[in-house]
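Here's a quick tour of a structure, one chain at a time. Have the viewer open as you read.

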Amino acid sequence: MHWMHLTSLALFNNMEKFILRFILLFKGIWESLGVNYTQFKIILETKVTLDNRKPITFKKRNAGKSSSSTSIIQFIMYMIIGLMFMVILILIPDRYLALSIMLLCFTSMLSITLVSDFSPILLDTRDQYIIMPKPVSDRTVALSRITFIAIKLFNQIIALCLPVVVYVSFNWDITGIFLLILQLLLSTLIALVFVNGFYMISIKYLPIQKFKDIIAYIQIGLSLIIFLAYYLGPNLIQTIVESQLTIEQLKFLWIFPSTWIASFQSLLQGNHSLQSIIFSLLGLVVPFFGVYACTKLFSRGFNAKIAALASGDTPLSETDQAISHTNTGRPFYKKLGAGVCSSPLEEAGFSIVWLISSKTREFKQQLYPSLAYLPIYFIFLFLRTGEGLPFAEKLVKLRESGLYIIMFYLSLLTILTVFQLITQSNKYKAAWIYYVVPMDRPGQFMTGVLKACLIKYVLPFNILFFCICVPLFGISSINDLLLSSAVGGIESILIMLFLVKNYPFSKASQSSSKAVVNLLILGLLGLLGYLHKVIFQYELLVWALAALGWLLFFIMLKYLQKDDWKSLAFDDN
Amino acid sequence: MESTLPLIRIIDLKKSYGTKEILKGINLDIFPGQVIGYIGPNGAGKSTTVKILTGLIEDFTGQVEINGIDIQKDPLSIKSQLGYVPENAELYEVLTPMEYLDFVGKLYGMEDDIIQERSLKLLSAFGLAANAMSRMDTFSKGMRQKVLLISGIIHNPQIIILDEPLSGLDANAVIFVKELISLLAKEGKTIFYCSHMMDVVEKVSDRILLINQGSIIADGTINELKSDPNESLEHIFAKLTNTDNDALDASNIISAIQ
């Protein structure tokens with residue numbers, strides 16, 4: 001009874017459960033499909049509950065305490081994206097063009113989230129171990145799986161479309177509204193066909209490990225696209241509105257199915273040109289043809305392959321590469337570690353961070369997006385400085401204003417991200433080893449950790465800046481780079497001392513949100529960057545400060561080695 | 001043997017969590033070369049004892065000395081003499097055995113050459129030479145357990161504490177590890193063996209300690225513990241720990257599912 005009460009309460013803030021209730025109403029239909037309704041019901045209810053408690057992928061994993069409102073948070077996030085779609089419709093006066101762009105965004109957004117969010121469901125191995133051994137028919141398993149995906153999908157579509165539909169229902173006539181809903185459904189079909197195609201191609205040609213990697217990179221790509229859209233979207237829309245562009249002029253839009261689907265509205269508004277008619281026909285036929293092609297291809301063989309993928313027992317390969325590896329002597333990271341570290345303990349810290357950060361998918365998944373923002377910032381900065389000026393004058397302007405220095409300081413933000421990620425891991429339980437060994441000087445170990453982070457994630461940026469800035473802005477930018485990197489070094493030691501409270505990869509998640517601290521550091525870096533920009537023309541002063549900064553960095557490094565790291569003590573749980 | 005000084009000396013060891021007393025005064029002397037079978041029901045205080053011995057829990061009352069060193073005064077020098085593999089221990093699976101052992105060895109402060117040499121030798125002795133350079137996420141449970149065992153002895157410790165070391169190992173590997181334990185004992189290593197597998201404990205240990213509800217209730221060789229020659233350790237265990245009336249009775253289960 002207690003449980004029943006809880007679910008009915010949760011229903012109010014849980015869309016997925018609501019959709020599930022609705023689906024479960026059609027008991028007869030499900031049974032006529034050959035499903036054991038009782039099993040079907042409990043499998044779906046359990047899956048929805050599990051899904052609601054799993055940590056959110058966009059946020060850091062908080063495996064420690066499971067969430068109980070994941071669905072609602074995700075729903076709101078999608079709705080915010082839906083609001084952006086609405087803005088497109090509001091801003092672009094040409095309904096045909098607005099819809100083309102909006103539907104293109106909708107379809108691509110849906111496709112990408114489908115791939116990234118639904119792959120774990122498709123590849124979920126737990127079904128194999130928990131449901132398959134029970135007397136549940138294949139049909140029930142397959143249908144409950146598909147239905148679960150459908151529930152999630154509808155949840156997402158409703159969230160994405162809600163703002164647009166609400167806006168439209170106040171501003172368009174009734175036929176337009178119904179047509180829009182039809183168009184949204186067709187676009188969903190297109191996205192499904194597209195995702196299906198993606199799966200079929202990748203599974204056919206890629207080994208499972210690579211496949212999972214690709215999904216990770218798609219997730220990274222997704223966050224980049226959102227970021228780019230945020231920066232460039234308003235500019236683009238402004239350009240489109242100001243120059244009164246139409247579909248006829250934007251020929252590249254013609255190749256997208258979303259444009260074909262959008263042309264229904266143009267037909268409705270009385271534009272009976274040949275182009276509109278052909279596009280509309282295409283828009284109507286292509287989604288269904290795609291579904292037909294997929295169901296033909298999405299055959300038993302494909303399902304079996306997915307099941308084989310999910311079982312996850314990758315056979316152990318006898319690696320011949322292993323033998324050749326032994327002969328080549330010490331690997332690169334060890335030579336590097338031995339070069340920069342002064343004791344085995346320090347080397348241990350160096351190598352664990354170096355190795356695990358390059359081998360763990362989840363780590364890369366969380367770090368790379370924040371690294372990839374940097375080039376985008378750089379391009380943005382470059383585009384925005386002296387808009388409309390020719391290239392050479394732009395360069396002069398950048399050099400004279402010292403704006404490029406801002407880039408150096410922006411790159412220092414990565415240090416913060418790296419150090420926040422470095423203590424977390426899915427495999428945090430493997431950290432028992434730190435408490436068993438005689439860790440007499442934890443400071444040494446953590447210094448190794450610091451050195452690995454700096455060499456791996458900060459040094460490359462500085463080398464890159466060096467290669468870019470010296471040819472573009474001249475030798476005089478060297479001292480600026482030296483000063484900013486010294487600031488970065490000092491920053492990283494301070495972060496290490498005050499914010500890093502655990503051994504590397506030893507925590508399930510960030511225990512508390514550090515948003516305030518992050519903002520503080522951000523502000524501080526901004527301030528330092530600004531001060532640097534103010535003095536950057538006094539070359540000697542910059543040189544002196546750089547020397548001072550580096551001296552301070554090395555002194556602090558010595559201090560870090562001696563710190564006793566009380567915070568790393570064993571927590572008996 | 002009894003004439004030498006004890007390697008591990010535990011005097012009136014007590015530990016409580018809140019009001020719950022987990023260890024109620026344990027007294028023990030353990031001598032070099034002994035293989036101690038440490039058994040007891042779940043929640044008896046076994047893992048708490050092990051955590052205290054390995055320096056993980058530092059606040060307790062009583063005294064624990066290893067090699068004459070008080071563990072509360074100098075836990076680090078004691079840790080360096082210990083080799084410990086926890087039960088169901090995890091390791092960084094994305095690493096290769098060589099990388100992992102290199103990491104562990106360096107945490108023990110060992111030099112690179114020695115780690116390399118020993119890891120290679122140990123890995124091939126455990127039959128893992130071909131997999132020395134492949135990531136452990138492809139390994140079976142038994143293979144991972146072998147790597148963990150290696151990581152527990154790579155620094156040549158005086159005392160080896162093993163918690164369910166045979167889990168996941170196949171029958172051949174079990175024989176191999178049992179052999180290894182007796183060889184290590186012959187080398188003068190002291191082995192502290194915790195397990196629920198009574199038949200193995202009976203075979204490998206030359207002294208059995210039975211802990212129940214925070215106190216040691218039996219201490220001796222298997223022959224000393226037996227009241228009649230046909231009795232197995234399993235029986236002794238059941239007899240000594242199932243004192244309550246609500247002891248588990250399997251026949252209740254049968255009647256429940258009928």
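## The hairpin in chain B

A quick word on terms first: strands here are DSSP runs of E, at least two residues in length, numbered from the N terminus. Two of them count as paired if DSSP finds at least two bridges between them. Keep in mind that this is a predicted model.

With that settled, look at β1(B) and β2(B), which run antiparallel and are joined by eight bridges. Within that pairing, B:K15 sits opposite B:L23 in β2(B). The hairpin of these strands has two residues between them, and B:G18 takes a positive phi near 65 degrees there.

## The rest of the sheet

Zoom out and you'll find an open sheet of four strands in chain B, in the order β2-β1-β4-β5, with antiparallel pairing. β2 (20-30) and β5 (69-70) of chain B are at the edges with a single partner strand each, so one side of each has no neighbour in the sheet.

Helix α1 of chain B (residues 46-53) packs on this sheet and touches β1 (8-17), β2 and β4 of chain B. The helix direction makes about 60 degrees with that of β2(B).

Over at β5(B), the antiparallel partner is β4 of chain B (residues 61-66), and the two pair over two bridges. Here B:E65 stands opposite B:D70 in β5(B).

## Two domains in chain A

Chain A is assigned two domains: domain 1 covers 2-53 + 66-311, and domain 2 covers 332-568. Where they meet, 10 residues of domain 1 of chain A contact nine residues of domain 2 of chain A. The domain 1 side of that contact has six nonpolar, two polar and two charged residues.

Terms used. Residues are numbered from 1 along each chain as its sequence is written. Chains are lettered from A and ligands numbered from 1 in the order in which they are written. This is a predicted model: local features need pLDDT of at least 70, side-chain atom pairs count only at pLDDT 80 or more; totals for chains, interfaces and linings use all residues. Domain bounds come from an automatic or database domain assignment. Two residues are in contact if their C-beta atoms, placed from the backbone, lie within 7 Å. Ala, Val, Leu, Ile, Met, Phe, Trp, Tyr, Cys and Pro count as nonpolar, Asp, Glu, Lys and Arg as charged, and the others, Gly among them, as polar. Axes are lines fitted to C-alpha atoms, for helices over the stretch in contact, and angles run from 0 to 180 degrees between N-to-C directions.
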